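Please keep the sequence and the structure to hand while reading.

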Amino acid sequence: MVLSTRPTNITIINVPLITSIEERRASITHVGVVLVHGVVQELVPGVKVIFAFIADIVVRRFRYVLGVVADVAAAAVAVDPASVDGSEKMGVRVRGRGRGRGRGRGPTTATRPIASSPSLSTYSSRLQRRPISAYGYEQAKALVLSKYGEPSDVLSLHGHSISPAHSNNLTLRFLASPINPADINQIQGVYPSKPTFTTSLSTADPIAVAGNEGVAEVIATGSNVKTVGKGDWVIMRQPGFGTWRTHAQTTEEHLLKIEDKNGITPIQAGTVSINPCTAYRMLKDFVELKEGDWFIQNGANSGVGRASIQLAKLWGYKSINIIRARPTGSEEMKQELKELGADVVVTDEELQEKGFSEKVKEWTSGGREKVRLALNCVGGKPVTAMAKVLSPDSHVVTYGAMSKQPVMLPAGMLIFKNISFDGFWVSKWSAENYEEKKKTVKHVLDLIREGKFKDTPVQELPWEWETKQDTLVQAVQGTLEGFRAGKGVFVFGKT
Ligand SMILES: NC(=O)c1ccc[n+]([C@@H]2O[C@H](COP(=O)([O-])OP(=O)(O)OC[C@H]3O[C@@H](n4cnc5c(N)ncnc54)[C@H](OP(=O)(O)O)[C@@H]3O)[C@@H](O)[C@H]2O)c1
């Protein structure tokens, strides 16, 4: 029997992988729902919602009664969990409109694995924990906020369903999403670009999904989607997408396809578009540095700082790198950055010491080699000390404000040395330079593949379907601590 059904906005029932007698019961129950829904929708489209609702209640109520029937049926029907779902075995085939995992021309009954076979007593709660719709609705979770504040106060884990991909829509499953300082600022409400608050994720009040960067796999596409296909990896064309989520539905114009994912890990792809691009553009777009020229930067152990060190080394520029003096481990950090390609590494305390300019002269062959660019993501007094060592007509590019202190501009530097003070914001640059962004991302990924660009240290934060809200929110809050061993990155497992 083949039924043609159309998706509604109702999540009907939860169907786990069929591996135990209890799960077989659910499978049969599920088949009942598919049947009822299908017939109702085929014959009486106008009242489908009412009937779907009634069917839902009936099946939930009588789940265990139907389960007993399923037990009897199970004796006669051998179900192979790996190859086919229960509805197919029962001769029911449901055709959905989406393409992709668990839908399309094949049966739409999703059979995503859950951790283990539940006992009968825990079965009902397990069903609640991993719902998959009979209509190919993807079940998703997202870290969301409804108002600005500290991450631990305003973030919550929100579950919702995503309708099957159709027309221009496509469905994404996230693989890796970093926690960048800008994400935190955005949640706190102090970042210029605001997240999109919407009720489209099935909430009464508007919510926004946090996170701006990440990589996702395309798992289903509508028929009008042309430039990406199932299995492709995509990153966000611009920040503001909301990347701390297991799944998303979107359209192609928000995405940039990773043309060649060979030799690239999800973490590398998921962290390429903000920090390495920022470093790349700041080194290229403000001053025409020549081989042998120097630049100076603070926050040198940050993601951007490490990318700048490595790109500069590849392009023949030399670097003076400033890190924060730390209670322990400053020397180890200096050594780590030198191994990446830094020429000189000093602490912010050493930068402020008298005689620092003399040291710079020594490093730059008595001042014959020019220091022509300063990159600042910290702010405060140390920026003035950095600017002091620049040659005339150089540029100070500010791209962050980690210390939350203002940048001081001594008049003499503007008047007598003609130092330019600029800002850089990768969001704006990405919005205005799509083709250039594509090339920059491709170039960095090529360098990674060739072993010429090392990953920034990360702290992997696993996000499975069962991962609790507290674990995720605490992981975000934890990134506010200084002297971290690595950037926090959500790495999505079985979602
Ligand atoms: N404008 C743009 O387009 C753009 C793009 C990318 C990044 N950014 C900005 O660049 C900065 C670095 O980002 P990221 O993702 O590369 O960072 P990250 O890898 O997460 O590292 C954070 C860096 O900030 C330093 N830091 C933390 N608190 C500090 C404080 N109070 N004073 C001084 N330094 C402090 C850390 O030093 P310790 O190890 O000593 O704690 C570390 O070097 C951030 O401000 C970010 O917003 C801007």
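**Ligand site and strand pairing in a predicted model**

Domain 2 (138-271 + 455-492) and domain 3 (275-429) both contribute residues to the shell around the ligand, so the ligand lies between them.

**The shell around the ligand**

- There are 25 residues around the ligand, and those that come nearest are Ser 302, Gly 303, Gly 400, Val 426 and Gly 482.
- Sorted by class, the shell around the ligand is made up of 12 nonpolar, 10 polar and three charged residues.
- At least two residues of this shell come from each of three helices, namely helix H7 (181-188), helix H9 (275-285) and helix H10 (303-315).

**Helix H9 and what covers it**

- Helix H9, which supplies at least two residues of the ligand shell, has nine of its 11 residues buried, so H9 is largely enclosed by the rest of the structure.
- The buried residues of H9 are Asn 275, Pro 276, Cys 277, Thr 278, Ala 279, Tyr 280, Arg 281, Met 282 and Leu 283.
- The cover over these buried residues includes H10, strands S14 and S15, helix H16 (426-432) and helix H17 (434-449).

- Strand S14 (residues 371-376) and strand S15 (residues 395-398) run parallel and are joined by four bridges, with Leu 373 having His 395 in S15 as its bridge partner.
- Between these two strands the chain passes from S14 through helix H14 (residues 381-388) to S15, and this β-α-β crossover is right-handed.
- S15 also pairs with strand S16 (residues 420-423), again in the parallel sense and over four bridges, and here the bridge partner of Val 397 is Asp 422 in S16.

**The antiparallel sheet of S4, S3 and S6**

- A separate topic is the open sheet that three strands form in the order S4-S3-S6, in which the pairing is antiparallel.
- Strand S4 (156-162) and strand S6 (208-209) stand at the edges of this sheet, each with a single partner strand, so one side of each is left without a neighbour in the sheet.
- Strand S3 (residues 138-145) is joined to S4 by seven bridges, the two running antiparallel, and the bridge partner of Val 144 in S4 is Ser 156.

Notes. Residues are numbered from 1 along each chain as its sequence is written. This is a predicted model: local features need pLDDT of at least 70, side-chain atom pairs count only at pLDDT 80 or more; totals for chains, interfaces and linings use all residues. Two strands pair if DSSP finds at least two bridges between them. A crossover is right-handed if, with the strands pointing away from the viewer, the path from the first strand over the helix to the second runs clockwise. A residue is near a molecule or strand if its C-beta atom, placed from the backbone, lies within 6 Å of it. Ala, Val, Leu, Ile, Met, Phe, Trp, Tyr, Cys and Pro count as nonpolar, Asp, Glu, Lys and Arg as charged, and the others, Gly among them, as polar. Domain bounds come from an automatic or database domain assignment. A residue is buried if 20 or more other C-beta atoms lie within 10 Å of its own, exposed if 12 or fewer, and partly exposed in between; C-beta atoms are placed from the backbone. Two residues are in contact if their C-beta atoms, placed from the backbone, lie within 7 Å.
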